Each structure stands twice: as structure tokens, then as C-alpha cells.
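Please open the structure in your viewer and keep the selection tool at hand.

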Amino acid sequence: MRHNADRLVHVSVMGTIASPSLPGLPAEPYRLDADGKPFLYPTHGSIVYNVSVGDSAYGWLGDTIHPSVSIHLKDAGANQGLNVLACVGNRARVMTGLATGAVGTVTGKSGRFSEHVIVHFPRADREKMAIGDKIQIRAEGVGLELGEHPSVKLKACSPNLLERLALGTDDQGRLRVRVAAVAPSHLLGAGAGLVSDGGSLHIQTVDKDALAAAGLDGLRLGDVVAMQDFDSRYSHGYFRGAVGIGVVGQGDSPRPGYGPGLTLVMTSHDGMIAPEIDPDANLRSLLDLQA
Amino acid sequence: MRTNEDQLVEMAIAGSISAPAFKRGPFLPDNDGLSVVRPGMFGYVYNVRVGDPAFGWQGDHVEPGASIDHDDSGIHHALHYLTCMGNKARVTSGLAAGAMGTVIGEHARILVDFEPDVHELLCVGDTIQIHAFGRGLALLDHPEVSLKKMSPTLLHAMNLETTESGKLRVPVAMELPVQVMASGAELNSEYVDQDITSGDRSFMKESGLDKLRLGDVVAIHNADHRFGRGYREGHVAIALCIHGDSVMTGHGPGILTLMTGTDDTIEWTLDPSANLALHLNIREEL
């Protein structure tokens with residue numbers, strides 16, 4: 001597979017482990033589920049000790065939980081730099097605190113209202129980490145292109161993830177990509193219209209029957225998912241024939257419009273991506289993540 | 001239609017005409033990545049009025065009429081949560097002081113229509129006060145239909161009927177397919193709007209969506225807009241087109257939720273005259 005990885009600029013981006021954050025006075029910590037019922041669960045951010053890539057995306061008493069560790073920066077511009085330049089599959093290293101030297105891997109991003117980068121570390125390393133620890137990422141991937149597939153745009157896709165995801169070219173000239181599932185356009189919700197160079201696009205899970213009918217009710221964190229009829233070249237939106245590829249970065253949500261979030265890694269508005277179902281298409285094995 | 005409007009509280013809320021604003025880089029990426037600069041949001045739009053086409057302007061998210069806001073976050077949100085469609089508004093400062101207008105939309109700001117003879121007198125910064133009236137409005141014979149941002153004035157002008165089976169029948173100008181509903185899915189449904197993604201231009205044409213007009217009342221099937229805006233089979237949203245098309249993917253004409261219900265409680269009929277500009281006698285014909 002011909003690509004331009006040897007021309008990419010490898011640059012450091014750094015974030016600090018994000019604290020959980022909830023609304024202040026008048027102290028109404030509740031969010032509303034799709035039926036208007038208030039709920040209070042842990043949500044995005046922080047060190048999550050017991051949820052990892054490879055685990056189910058469903059069933060946790062949480063709202064869009066980020067597995068393992070979430071990092072961010074307070075300065076909006078710097079955080080944008082972190083969120084856009086970090087690519088799925090990039091190496092991360094703890095630079096401060098008791099876990100200094102521990103090595104992790106970028107597995108996803110979150111969008112509007114949190115804008116974190118999600119990094120996998122083995123559980124033993126998580127035990128040593130502290131909120132505020134600095135984690136540095138060797139960012140490589142922005143600018144990556146495939147020589148034989150000019151209409152396939154790669155976003156937040158590291159060269160090593162590309163090598164593991166792509167299976168070659170089919171007889172129609174399309175890029176063959178292994179995916180665990182395919183999401184239909186009517187189930188893609190929050191994140192539509194928002195940036196596709198960072199952030200997340202969420203699978204909607206309020207309608208459980210529709211979710212099951214689409215074969216999306218068994219998703220795991222880290223699963224590779226194709227998005228049918230969605231163009232994500234510049235932001236996300238319905239477009240017949242377009243195909244996107246994302247990875248499940250964060251877990252399910254009770255909120256309307258939300259559910260497991262997808263971090264976009266590829267998109268082709270003219271259908272030049274051919275998804276091939278492979279139940280093992282998950283970042284845990286693709287990126288050799290250690291438990 | 002029997003309502004509880006005699007119990008509603010009518011309260012003043014004010015904002016001022018916003019100034020057009022751009023990010024430091026003015027460019028927006030269009031559906032094919034071409035960078036463009038377009039007017040549309042904020043300020044006062046002289047030549048696009050409720051009832052006009054939502055598509056075809058060389059603009060982005062065109063907000064018809066006066067686009068008003070308030071710098072204070074609390075007042076900004078009060079404007080969004082108390083103002084109802086069809087509410088009366090009055091200019092309270094500047095050369096047009098005393099002129100009356102009508103609330104015709106809620107985007108990132110509140111949109112107010114004025115008669116053309118007032119245009120030249122309005123200035124960015126002029127204060128506009130709204131008689132906010134409608135929060136809490138309910139249909140006594142349709143308790144399972146909920147109303148959002150609906151003034152009694154608009155409600156009674158929509159030609160609503162109760163069917164023999166007890167459903168609420170709503171005339172709408174168009175039905176929107178749920179898969180085009182995009183930006184705004186991340187927000188609660190009491191705040192601003194949700195865009196129709198218009199990037200598939202040939203689909204817009206084939207489906208007739210490109211005929212949508214500002215002010216059109218529309219129906220969306222399999223959409224639950226009670227506490228957010230998401231996919232749910234059997235649910236129905238009745239909405240109002242409030243701003244124009246966009247060049248950006250995932251964006252396009254915006255719709256604001258007016259009613260929510262289900263297949264058991266709401267049905268709709270297609271009626272080209274189901275437009276706010278006609279319902280509220282802002283325009284005589286479209």
C-alpha cells in the first residue's frame with residue numbers, strides 16, 4: 001500500500017489528565033435521558049480504572065465514558081492543536097508523576113462540550129497516575145494520503161493503524177477496510193455538522209430495536225465501524241454513497257442523540273471505501289494494546 | 001382548540017440587534033472543501049424575509065429580519081427559553097422606537113420580523129423588547145402532544161384539527177426525512193434549532209427539499225424532540241423553518257421544534273400555505 005508516511009512531520013502534543021467536571025450552582029448535576037428522566041452518572045474525563053478498549057461499549061452506569069485516560073489543555077487553541085494533531089494509534093508517554101515513562105496509545109477523541117484525547121494505558125499504570133499528570137503524544141498522521149486512493153481522506157489515522165486496517169484494493173478500485181459493524185445514516189446523531197478533524201460522531205441508541213436491527217447493539221470500545229451514507233471530509237453529514245470509517249472511542253449514553261462515539265479515521269464521499277465485516281476489527285488487537 | 005392560555009404569564013424580555021461578526025479567518029469550508037465567505041448570520045437582513053425560499057441565497061445560515069441577542073449569559077438563555085414563535089416585539093430605542101414586530105425564529109439569536117418601512121430606521125444595538133408569552137402552553141384535548149416555543153397566536157393560526165380518532169391533525173408545508181437531520185443533535189431541544197444537512201445537493205433536488213421556505217411548518221417522522229433531537233421510530237416532531245441554507249456539510253436550513261408527539265397522537269397533512277408568514281398575516285401571499 002503506497003502512502004506518504006515518510007513525509008509526515010512528527011510533532012509533540014501534550015495534554016494533562018482531565019478532572020471530572022460538573023455544573024456549579026444552583027447545583028443541578030442531572031442530565032436528562034431521552035424520556036426526560038434525570039440521571040446522574042460519571043461522564044467523560046479522568047482516569048477510568050475499570051473500563052478499557054475491548055470491553056463492551058454498553059451497560060456501564062456512565063454517560064459517554066472514555067476508557068482509560070482522558071487528556072486536555074485549558075487553553076482552547078492549544079487544546080485544538082492537541083485534539084486535531086493526535087491520531088489514533090499514536091504513542092503516548094507519561095512525563096510527570098509516579099507513572100513517568102509509562103507508554104500508552106491514542107484510541108479516540110471526544111467533541112463539543114469536552115474535547116478530550118483518549119489514551120489507553122495498561123491498568124497497572126493507571127493505578128500510579130494522578131489527575132494533572134502530563135502525557136505527551138508523538139503526533140504523526142495529519143497529512144497522510146494513499147497513493148492509489150486519492151478520494152479516500154484520512155483523518156486522525158496514524159500510519160500504523162492504516163497498515164492494520166486496510167486490506168488492499170478490490171476489483172472496483174476501492175480501499176478494502178476491516179470493520180466490526182456498519183452504522184446506517186439515520187442512527188448517526190450528535191456530532192453531525194461538527195468538525196471531523198477532531199471530536200466524535202455518535203451512534204444513537206435510544207431506539208433499541210433500530211439499534212439491534214442494524215447489528216450495533218454488541219459494539220465494544222475500540223471497534224472499527226463503517227458509517228454508511230455519511231460524508232465527513234470537512235464536517236459530518238448525510239450524503240448518499242459516502243462511506244466513513246470510525247473507531248468507537250467512548251461508551252453509550254442515555255441522552256437523546258447520543259450513544260457510543262466514533263472517532264473518524266477515513267472518509268470517501270464517492271464510496272471508494274469497501275467495508276468488510278471482521279468481528280475482530282478492534283483497536284485492542286489492531287494496536288496490540290496491553291490490558 | 002382548547003388551551004390553558006388563560007394561565008400563562010406574559011413577561012418582557014429584551015435584547016438588542018446584533019452586529020455581524022466573523023472569526024479571525026472568515027472562511028467556511030463548503031461541501032467540497034472550497035473556502036468561501038458569506039453573510040447571513042447576525043445583524044439585520046434587509047432583503048430576505050420569512051416566507052422567502054430557504055435555499056438559493058449567497059449566504060450562510062441566513063437569519064431573516066433582526067437578529068437579537070444579549071451579552072449577559074443568563075439573559076441570553078432567558079431570551080432563548082422564554083421567547084415563543086409569534087410573540088409580539090417592540091423597538092424600545094433608536095429611530096424606530098415604538099415600531100412593532102413579530103418573533104419568527106430562534107437560531108443562535110432570536111429573529112424578529114419588521115415591516116419594510118421600518119428597515120431604514122433600525123440600527124445595530126437598538127433594543128427590542130419581546131412580550132414573551134407561551135411557556136407552559138398546553139392543548140387541553142391533546143395532553144400527550146407537547147408544545148415548545150409556541151405562542152397562542154401561532155397555535156390558533158395553524159388550522160389545527162382534531163380527527164375522529166382524537167389525534168391532532170397539523171397542516172405542514174413539507175415532510176423532512178429523518179436521515180437529513182444533522183447539526184443540533186448534540187443540544188437539548190429547548191435551545192436553538194437543528195439543521196437539515198444539504199450537502200447531498202442532488203438529493204435536495206430529487207426530494208423537493210430545495211423548495212423549503214423560511215417559515216414553513218414541517219413534520220419529521222421517527223424523530224423524538226421532547227428532550228433532545230434523536231431518532232426514535234413512531235415519534236413525530238412538528239417544526240418551523242427559521243434560517244436559510246448553509247455551505248457547510250452537516251448544516252443547512254434550520255428547523256425549530258414546535259410540537260412533539262407520536263403516531264398515536266399527531267398526524268399531518270400537506271398544505272403549501274402552512275407557513276408562519278401567512279399564518280401570522282406578515283405577508284399576504286408567497
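**Before selecting.** This is a predicted model, in which local features need pLDDT of at least 70 and side-chain atom pairs count only at pLDDT 80 or more, while totals for chains, interfaces and linings use all residues. Residues are numbered from 1 along each chain as its sequence is written, and chains are lettered from A and ligands numbered from 1 in the order in which they are written. The model scores ipTM 0.88 and pTM 0.93. Chain B averages a pLDDT of 96, where pLDDT is the predictor's confidence in each residue, from 0 to 100.

**Stop 1: the domains of chain A.** Select residues 5-139 of chain A for domain 1 and residues 153-286 for domain 2; these bounds come from an automatic or database domain assignment. Taken over C-alpha atoms, the centres of the two domains are 20 Å apart. In total, 33 residues of domain 1 are in contact with 35 residues of domain 2 (contact: C-beta atoms, placed from the backbone, within 7 Å). On the domain 1 side, α1 (76-85) and β7 (103-109) of chain A are the elements that give two or more residues (helices, H or I, of at least four residues and strands, E, of at least two are DSSP runs, numbered from the N terminus). β7(A) gives the most to that side, with three residues.

**Stop 2: a residue in α1.** Select A:Leu82, which is found in helix α1 of chain A. Is A:Leu82 buried or exposed? A:Leu82 counts as buried because it has 25 C-beta neighbours inside 10 Å (buried: 20 or more other C-beta atoms within 10 Å of its own, placed from the backbone; exposed: 12 or fewer; partly exposed: in between). Leaving aside residues up to four places away in sequence, A:Leu82 touches A:Val13, A:Gly15, A:Leu73 and A:Val117.

**Stop 3: where the chains meet.** Here 27 residues of chain B are in contact with 30 residues of chain A. Strand β16 (residues 230-243) of chain B supplies the largest share of the chain B side, four residues.

**Stop 4: the core.** The largest nonpolar core has 154 residues (a set of buried Ala, Val, Leu, Ile, Met, Phe, Trp, Tyr and Cys residues joined through C-beta atoms within 7 Å). β16(B) gives the most to this core, with eight residues. Finally, select B:Ile238, which with B:Val218 has the most contacts inside the core. Among the residues that B:Ile238 touches, not counting those up to four places away in sequence, are B:Val170, B:Leu258 and B:Ile266.

Note on methods
Two residues are in contact if their C-beta atoms, placed from the backbone, lie within 7 Å.
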